[in-house]
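Please look through the structure below with the following explanation at hand.

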Amino acid sequence: MITENPVDITSVLMDESAELSVSVTQIVQRLKGTHLHSQLEKQAKECLHKPEIKLETLKDDVRRLLKASGMTWLLPPSGHPRAPPEHTKEPLEYMCKAQVNWEKRILKSLNSMCTELGIPLARKRPVPEQKELTNKWNEMGTDEPGNADTNNLTCSRLHLDVLVGLRNPNNERSEDLTVRSHWGLIQVSLNVRDIPQMVKEMYPELGLTYGQLGIDDHTHVPPGKYLHISEQDSAAAQQYSRQGCPTGLRAQLWSLILNTTNDPEDITHYEQLKARVINHDLLVDNLIYKVHLQCSLFDGNCFVLLCFSRDTAVLEHFSYNSATPPKSCIQNSSGSEQCAMVYPPNGVIPFHGFSMYVAPLCFLYNEPSTLYRVFREMYIRYLFRLHSVSSHPSGIVSLCLQFERLLQTHLPQLFYHLREIGAQPLRIAFKWIVRAFSGYLSTDQLLLLWDRILGCDSLEIVAVLAAAVFAFRAENLMEVTSLASAEAVLADLSTLKVMPLLQIFLFATSV
């Protein structure tokens with residue numbers, strides 16, 4: 001299977017030991033978006049091949065650097081036993097079981113698809129096919145068959161059904177479950193913030209006294225401020241984007257926040273992935289063609305998803321993801337465990353709507369290798385949480401629960417009315433949430449929303465916007481009498497303005 005040279009601290013240590021990997025992963029996750037992280041990542045790339053760099057001392061070297069930088073608060077406390085790796089990934093056992101069952105369901109569907117289509121999981125392309133693919137690389141996705149049936153494999157309705165079935169056996173009779181909590185579909189108890197907490201802790205910059213790009217057309221960008229940010233200061237860029245990014249600077253600011261570069265090594269890595277796509281055909285390519293054609297506005301960027309499926313560097317995120325990469329025995333193996341290999345190579349099986357994660361980035365980046373790097377970082381930092389079962393605050397379970405709690409608390413009559421007519425709000429909003437609104441909002445409004453995701457380092461704002469949409473259409477929704485009519489009221493979001501909706505919902509309801 002494909003192997004890659006490590007490109008950052010986490011991947012260097014992944015194979016050293018489970019304890020060491022977990023320790024460094026925790027540190028790196030807490031460093032994300034800081035200037036120190038950017039420095040560490042750059043130095044790691046330069047030093048990996050130096051003979052004086054030794055894995056056995058790297059852990060102590062990282063500790064010394066953190067202490068010298070005055071950031072000892074990032075170090076785990078000494079004298080306390082470490083949690084097992086599986087608890088670091090997901091501490092709640094019932095969440096782990098649900099994720100495992102979801103993975104088994106997907107793999108079963110993938111194997112059925114393989115049998116029905118009669119094609120192998122992977123094969124080497126014939127030379128004529130390689131030449132044809134090379135010649136039409138930039139038009140990929142426009143005429144591919146896409147004959148895979150993704151309805152049973154990756155349908156968002158099936159994903160929601162898994163979340164609706166979640167139950168914590170320890171809390172089934174808990175007094176914490178109020179009568180109102182039973183109105184919703186998500187019947188687990190997780191800590192999610194209400195509006196007063198969000199306004200104070202997460203989104204003070206959305207206040208009416210702050211200028212917002214997306215509302216204030218004459219918001220001035222102080223040139224000196226961006227001049228400072230441009231000095232590779234990820235933390236400053238992240239703070240800046242909380243109030244929105246100027247259109248002409250968004251691409252640079254997002255790259256800075258995500259610590260992505262377009263160095264010669266990055267370009268070479270992308271070309272290697274492209275060569276792997278051309279040389280080998282995978283069964284999941286059929287899924288990619290299918291989900292891509294379902295989002296046909298961006299036909300020319302199918303290459304991003306195909307390269308992504310071959311990139312083993314993506315496997316890094318499974319060290320802090322509740323999911324595990326799927327494995328399969330390729331070709332004529334006997335099925336023994338030692339023959340099992342991660343499939344697809346990046347460990348991610350695409351699903352309906354997956355292509356829409358790339359869509360907003362296509363408007364920002366013309367260079368293929370840069371577009372790819374930004375998408376990959378967005379995925380392994382944020383987007384993977386939207387289709388894995390976990391208790392993480394930015395995970396899909398927490399977002400769905402938060403959406404329902406916001407409506408129950410601030411629009412109880414609307415919630416009760418929709419529930420009574422069989423139009424549970426989450427069944428309508430789930431498709432927005434699982435795609436982070438990509439494909440539903442107009443592009444300029446979607447980019448403003450994603451500015452805040454990057455700036456606040458959280459997907460929580462997605463749940464808030466979903467609730468704000470219901471609040472905005474509340475008067476019409478109170479008149480509907482069926483799920484179909486409720487869906488019709490909320491069918492077109494393309495004319496909505498994100499920032500006024502968020503500000504009104506957050507600050508009008510917190511008074």
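The paragraphs that follow go through these topics in turn.

The model is predicted, and the chain has a mean pLDDT of 80, with 73% of its residues reaching 70 or more. Over residues 1-17 pLDDT stays under 50. Where pLDDT is low, the predicted coordinates should not be read in detail.

Next comes a helix pair. Two packed helices are described by the angle between their axes and the distance between the axes. For helix H6 (residues 93-117) and helix H9 (residues 156-164), the axes come within 10 Å and cross at roughly 155 degrees. Angles over 145 degrees count as roughly antiparallel, so H6 is roughly antiparallel to H9. The crossing of H6 and H9 is right-handed. On the H6 side, Ala98, Trp102 and Arg105 take part in the contact, and they meet Leu158, His159 and Val162 in H9.

The last stop is Thr409, a residue of helix H19 (residues 396-410). Is Thr409 buried, exposed or partly exposed? Its relative accessible area is 37%, and because this value falls between the cut-offs of 20% and 50%, Thr409 counts as partly exposed. A polar atom of the Thr409 side chain lies 2.8 Å from the backbone oxygen of Arg405. Thr409 and Ile195 are 214 residues apart along the chain, and their C-alpha atoms are separated by 9.6 Å.

How values were computed: Residues are numbered from 1 along each chain as its sequence is written. Side-chain values use heavy atoms; hydrogens and water are left out. Helices (H or I, at least four residues) and strands (E, at least two) are DSSP runs, numbered from the N terminus. Buried means under 20% relative accessible area, exposed over 50%, partly exposed in between (1.4 Å probe, protein chains only). A polar contact is a pair of N or O atoms within 3.5 Å; within protein, one must be able to donate a hydrogen and the other to accept it, and residues adjacent in sequence count only if both atoms are side-chain atoms. pLDDT is the predictor's confidence in each residue, from 0 to 100. Contact means heavy atoms within 4.5 Å. Axes are lines fitted to C-alpha atoms, for helices over the stretch in contact, and angles run from 0 to 180 degrees between N-to-C directions. Angles under 35 degrees count as roughly parallel, over 145 as roughly antiparallel, 65 to 115 as roughly perpendicular and the rest as oblique. A crossing is left-handed if the near helix is turned anticlockwise from the far one by less than a right angle, and right-handed if clockwise.
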